[in-house]
Amino acid sequence: MNPIRPIRPRVIALVVVVILVITGITWRSVQTPADIFDSARAYQDVVKQVELGPRPPGSQAHAQVINYISGELEKAGWEVTLQQTERMGHAIYNIIAKRGSGPSWLLLGAHFDTRMISDRDPDPARQQQAVIGANDGASGVAILLELARSLPANLNRQVWLVFFDAEDQGSIPGWDWILGSRAFVETLQGQPDAVVIVDMIGDVDLNIYKERNSDPGLTDEIWAVAAQLGYDIFFIPEYKYSILDDHTPFLERGMRAIDIIDFDYPYWHTSEDTLDKVSQKSLEIVGKTLHFWITSP
Ligand SMILES: [Zn+2]
């Protein structure tokens, strides 16, 4: 009787199991759908924010959306910090997520607050209602959260995702526009190589024109990526609006910053900025364009 014989099949079995595990892991890391921007998950981020109700600074839903965003970023493995400061007597909370290292530094931003009044509503009785912000607020946040989940962790660059507070309260007594991004830029050390703001990009009828205050070179770069993906009917290669948005404080400090915004939105700052105005397809167009741009060498 050969004492080795009974052991042999076990050894072979063990080797086979080890090979299966290793090849399985390799296959998953190459093929994993986790590397793809999933617009269904992004749309669910819009749904969850809308379910909280309007999210103006100081509201309970505002505190809840900060917890939601931070929790999703942590689950996706990002280093998350909360910048707590104050502007015009109001508490400001910017959420900053960081990952990666390397020779270049990209910063993507979106505001998470929603406007406390629907002052452009055609019905005067509704003008004191808070905006739900399915598009103006939730859509930009959704794009950034799904990028957090889907960007490869081993990019040879540093990526920051910044969720700005108090963007959308201008022309209201005691408030101003872009308080959160102004506070962020004032304390920012160093200069990102590119800053991309997304705002109101979930509109069912997506028409994103080039924005006149944005850095023209960076604008052309992103519009070229969109065209490469066949999205040039949505990223229209023409200039249209000049917008004050969260890219403004970066531009004022000489940084390459752009605002990706679809300003042809009839429900802007009305009680009708609701979930039915946002489409998963629009989130996909913008999300995949940014994902491709960030992951391109
Ligand atoms: Zn707004």
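**View 1. Overall architecture of the predicted chain.** Eight helices and eight strands make up the secondary structure of the chain. Of its 297 residues, 43% are buried. Among contacts between residues at least 6 apart in sequence, 80% join residues at least 24 apart.

**View 2. Crossing of helices α2 and α4.** Helix α2 spans residues 39–51 and helix α4 spans residues 138–150; their axes come within 8 Å and cross at roughly 135°. The crossing of α2 past α4 is right-handed.

**View 3. Residues at the contact of α2 with α4.** From α2, the contact involves Arg41, Ala42, Asp45, Val46, Gln49 and Val50. These meet Ala138, Ser139, Val141, Ala142, Ile143, Leu145, Glu146 and Arg149 in α4. By class, eight residues of this contact are nonpolar, two are polar and four are charged.

**View 4. Strand β8 and its buried residues.** Strand β8, residues 257–261, is mostly covered, with five of its five residues buried. Ala257, Asp259 and Ile261 point one way from the strand, whereas Ile258 and Ile260 point the other way. In a regular strand, side chains alternate between the two faces of the sheet.

**View 5. Pairing of strands β5 and β8.** Strand β5, residues 194–199, pairs with β8 in the parallel sense over five bridges. Val195 has Ala257 in β8 as its bridge partner; Ala257 is also among the buried residues of β8.

Technical notes:
Residues are numbered from 1 along each chain as its sequence is written. This is a predicted model: local features need pLDDT of at least 70, side-chain atom pairs count only at pLDDT 80 or more; totals for chains, interfaces and linings use all residues. Helices (H or I, at least four residues) and strands (E, at least two) are DSSP runs, numbered from the N terminus. A residue is buried if 20 or more other C-beta atoms lie within 10 Å of its own, exposed if 12 or fewer, and partly exposed in between; C-beta atoms are placed from the backbone. Two residues are in contact if their C-beta atoms, placed from the backbone, lie within 7 Å. Axes are lines fitted to C-alpha atoms, for helices over the stretch in contact, and angles run from 0 to 180 degrees between N-to-C directions. A crossing is left-handed if the near helix is turned anticlockwise from the far one by less than a right angle, and right-handed if clockwise. Ala, Val, Leu, Ile, Met, Phe, Trp, Tyr, Cys and Pro count as nonpolar, Asp, Glu, Lys and Arg as charged, and the others, Gly among them, as polar. Two strands pair if DSSP finds at least two bridges between them.
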